[in-house]
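Have a look at the model first, and then read on.

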Amino acid sequence: MNFSVVVPALNEEKSVGKVIKTLRKQRVEKDSFEIIVVNNNSDDRTAEVARRAGADKVVFEKKMGTNLARQKGVSVSRGEIIAFIDADCIAPPEWLGNIKKAIFRKGVVAVSGPYKYGKFLPDFMMWRVFPLVPKLMSFVTGKRGGVILGGNFAAYRSAIDKIGGLPPIKFFGDDTAIAILLARRAGKVLYTRKVWVESSPRRLREKGVVKVSVKYFRHYFKIYFDNEYQ
């Protein structure tokens, strides 16, 4: 088995079935990956819906937090490469195939790509600005870095083990910490527009595009310069 796909889910009964269906339609060999849903202490029918939709494993993680749930998925997975997608995302049929092509490049240990919201400003940020951030930061500071979106990335199991597992950050900064640790302690983190997923704009609607973007970059810079992640 090449891949394990981990889907962290907190009260996602309305969306988790959809993402599983899109994973089942991936244009790779059916026996080359498994789907693991991590029920992150939901109080709705998330686990039941996931099983009915065709998840290979549904496991429970009581401690709430995105990386805590992802790491639980890692602990029960079997794949050499572990891919992560959020429950409110939709994977195009080429998603795993494109991840495979990207992560097999020399020196690459992890790969990520943009969300597609269907809205100009957030899509512009994801597709045009984010790819430039690691290069700019490295040029200015001389420090290695990378960009990972937590709901759309994959990494070698060996690389995750090398950084001691996914850092136990609950939300905001969780994916930045993964990217920085992998880039500085394991190998190259590649952000490519070829690895994309559709994502629900619900958080943008709730908090606003500008507010979410500012919060993301604030956490990015904080972690980038934090001695804990050197």
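This is a predicted model: local features need pLDDT of at least 70, side-chain atom pairs count only at pLDDT 80 or more; totals for chains, interfaces and linings use all residues.

Y115 is buried, because its relative accessibility is 10%, where buried means under 20% relative accessible area, exposed over 50% and partly exposed in between (1.4 Å probe, protein chains only).

Residues are numbered from 1 along each chain as its sequence is written, and side-chain values use heavy atoms, leaving out hydrogens and water.

Across the whole structure, a search finds 13 aromatic pairs. Rings of Phe, Tyr and Trp (its six-membered ring) pair if their centres lie within 6.5 Å; planes under 30 degrees apart count as stacked, over 60 as edge-to-face and the rest as tilted. Here are two of the pairs:

| Pair | Centre to centre | Angle of planes | Class |
|---|---|---|---|
| Y115 and Y117 | 5.9 Å | 70° | edge-to-face |
| F120 and F124 | 5.9 Å | 25° | stacked |

F120 and F124 sit 4 residues apart in helix α5 (residues 120-129), about one turn of the helix. F120 is exposed at 69% relative accessibility, whereas F124 is partly exposed at 38%. Elsewhere, ring pairs join F130, Y191, Y216, F217, Y220, F221, Y224 and F225 into a cluster.

Key:
Helices (H or I, at least four residues) and strands (E, at least two) are DSSP runs, numbered from the N terminus.
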